[in-house]
Amino acid sequence: MNKSDLKPQSVFELFARINEIPRPSKHEEKMIEFLKNWGESHQLETKVDETGNVLIRKPATKGMERRKTVILQSHMDMVCDKLVDVEFDFNKDAIKTYIDGEWLTAEGTTLGADDGIGCAIELAILEADNIEHGPIECVFTRDEETGLTGAEGMKSGFMNGDFLINLDSEDEGEMFVSCAGGRNTTACFDIQRSPAPSGAFFIRCSLKGLTGGHSGDDINKKRANAIKLLGRFLYQEMKRYDGIRLAQFHSGKLHNAIPRDGYFVIAVPNDIKENIRADWNVFAADVQDEFHVSDPNMEFNMESTDAEPVISEPQAQRFISAVQAVHNGIYAICQDEELGGLVETSSNIASVHTSEATIDVLSSQRSNVMSNLDNMCATFSATFELAGARVVSSDGYPAWKMRQHSELQRIVVDSYKKLFGKDPIVRGIHAGLECGLFSERYPNLDMISFGPTLRGVHSPDERLHIPTVQMVWDHLLDVLKNVPEK
């Protein structure tokens with residue numbers, strides 16, 4: 001398959017244009033300008049709110065003016081992650097894509113299909129002059145990936161529609177009607193450093209090649225967490241030998257990604273350095289066996305390195321004990337049978353970084369039940385408070401509760417069955433969707449979320465299943481055609 005063969009052609013051409021525009025979360029200015037100019041150049045009503053969200057309104061086709069207004073919504077920012085050995089500047093470089101069988105992917109970076117493909121679908125609908133639809137509002141929110149601050153900053157009245165279709169889902173054939181709420185919780189240790197003991201031998205242990213993924217949607221896939229693995233080895237060795245001193249610990253980048261690589265630097269007494277090396281090799285073999293299905297490509301490395309100041313021994317031990325003890329992964333499964341075994345509550349320890357004076361830990365908690373979200377945050381907080389850290393939880397974002405007797409859900413499901421001869425899966429998602437925030441500002445808005453199939457999101461493995469884009473396009477156009485009158 002060549003890029004000229006990609007269908008729908010208009011969608012993929014627009015996605016290629018979008019991928020030429022730098023759009024890291026919180027730095028979407030060039031994308032905002034592109035969308036504003038695009039709407040105005042097509043003589044469509046276009047507005048930008050004070051937060052930076054963009055709305056482009058398209059009138060109904062002739063004879064459909066009385067239909068209910070449909071809001072199509074996606075987010076303009078993307079997660080920026082790359083392989084450690086790839087040179088790439090997300091603030092100026094264009095994403096380089098290639099076709100691998102039926103998949104579109106990028107060269108060593110995130111693809112940006114989350115949610116650039118949703119943006120491209122919206123623009124293709126706005127541009128088309130041969131489809132039937134009632135009034136449409138296309139909304140592009142900013143900074144979804146690092147706190148949903150675009151949706152949070154949107155004021156009531158910016159959108160004016162009856163139905164909202166969110167185009168930020170990742171499994172074609174699955175219609176999402178509920179999502180988790182979430183918060184970030186940070187822990188900070190104040191530390192003191194001193195020169196390493198005389199005769200200490202410095203070792204750098206690194207881990208890479210983990211699968212990683214989205215800390216919500218992939219949390220049920222039993223994937224390894226680099227921070228937990230590195231902490232686990234350090235806890236084991238500090239229990240086994242005296243005199244191990246921690247100098248550095250670095251792993252993870254983003255609050256919403258399972259960390260896939262990392263390293264630590266330790267100083268050890270010279271007489272146990274070979275013991276540490278042997279233990280590392282045994283540990284690597286054991287962990288590779290544990291995660292041989294979910295993380296088949298993990299790589300362990302150990303090497304000597306230069307001496308540097310080390311962290312106070314009691315402070316390092318308390319930090320490593322907290323990393324060992326803190327809950328990570330699934331905490332509870334939804335009790336509602338309609339949601340089919342969906343993860344209800346989880347926690348992900350997302351990044352750890354040491355500096356001269358602090359150890360900073362970032363984590364994310366998610367739940368479809370807000371009281372258990374409080375409990376999950378408290379569980380993380382208690383673990384690190386006992387270890388002596390200062391802990392803060394963000395305000396986060398709310399869950400989106402399933403709407404009973406949804407008219408939009410009925411239209412979407414009926415359309416799917418008619419087009420593809422099978423029932424779609426209607427379910428919730430254990431990730432944050434902006435629908436949760438919209439439900440607070442627009443309580444009467446009937447919403448659903450669907451989109452083409454993506455895999456490896458929030459990682460350099462991100463890829464888009466090409467045939468599902470055409471399926472979503474056909475489905476969406478049929479839904480728009482069958483929206484009822486007000």
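Reader: Happy to start with helix α9 and helix α11: are they parallel, antiparallel, perpendicular or oblique?
Author: Keep in mind that this is a predicted model. Helix α9 (residues 407–420) packs against helix α11 (residues 466–481) with the axes 9 Å apart and at an angle of about 125 degrees. Because of that angle, α9 relative to α11 is oblique.

Reader: Which classes do the residues of the contact of α9 with α11 divide into, and how many are in each?
Author: From α9 come Ile 411, Val 412, Ser 415, Tyr 416, Lys 418, Leu 419 and Phe 420, while α11 brings Met 471, Asp 474, His 475, Asp 478 and Val 479. Sorted by class, the contact of α9 with α11 holds 3 charged, 2 polar and 7 nonpolar residues.

Reader: Which residue in the turn between β4 and β5 has a positive phi?
Author: Strands β4 (residues 97–100) and β5 (residues 103–106) run antiparallel and are joined by 4 bridges. Thr 97 stands opposite Ala 106 in β5. The two strands form a hairpin with 2 residues between them, and the turn residue with a positive phi, of about 65 degrees, is Gly 101.

Reader: What is the handedness of the crossing of α1 and α3?
Author: Helix α1 (residues 9–18) and helix α3 (residues 113–127) have axes 8 Å apart, at an angle of about 125 degrees. They are therefore oblique to each other. Among the residues that meet are Leu 14 and Phe 15 in α1 and Ile 117 and Ala 120 in α3. The crossing of α1 and α3 is right-handed.

Terms used: Residues are numbered from 1 along each chain as its sequence is written. This is a predicted model: local features need pLDDT of at least 70, side-chain atom pairs count only at pLDDT 80 or more; totals for chains, interfaces and linings use all residues. Side-chain values use heavy atoms; hydrogens and water are left out. Axes are lines fitted to C-alpha atoms, for helices over the stretch in contact, and angles run from 0 to 180 degrees between N-to-C directions. Angles under 35 degrees count as roughly parallel, over 145 as roughly antiparallel, 65 to 115 as roughly perpendicular and the rest as oblique. Contact means heavy atoms within 4.5 Å. Ala, Val, Leu, Ile, Met, Phe, Trp, Tyr, Cys and Pro count as nonpolar, Asp, Glu, Lys and Arg as charged, and the others, Gly among them, as polar. Two strands pair if DSSP finds at least two bridges between them. A crossing is left-handed if the near helix is turned anticlockwise from the far one by less than a right angle, and right-handed if clockwise.
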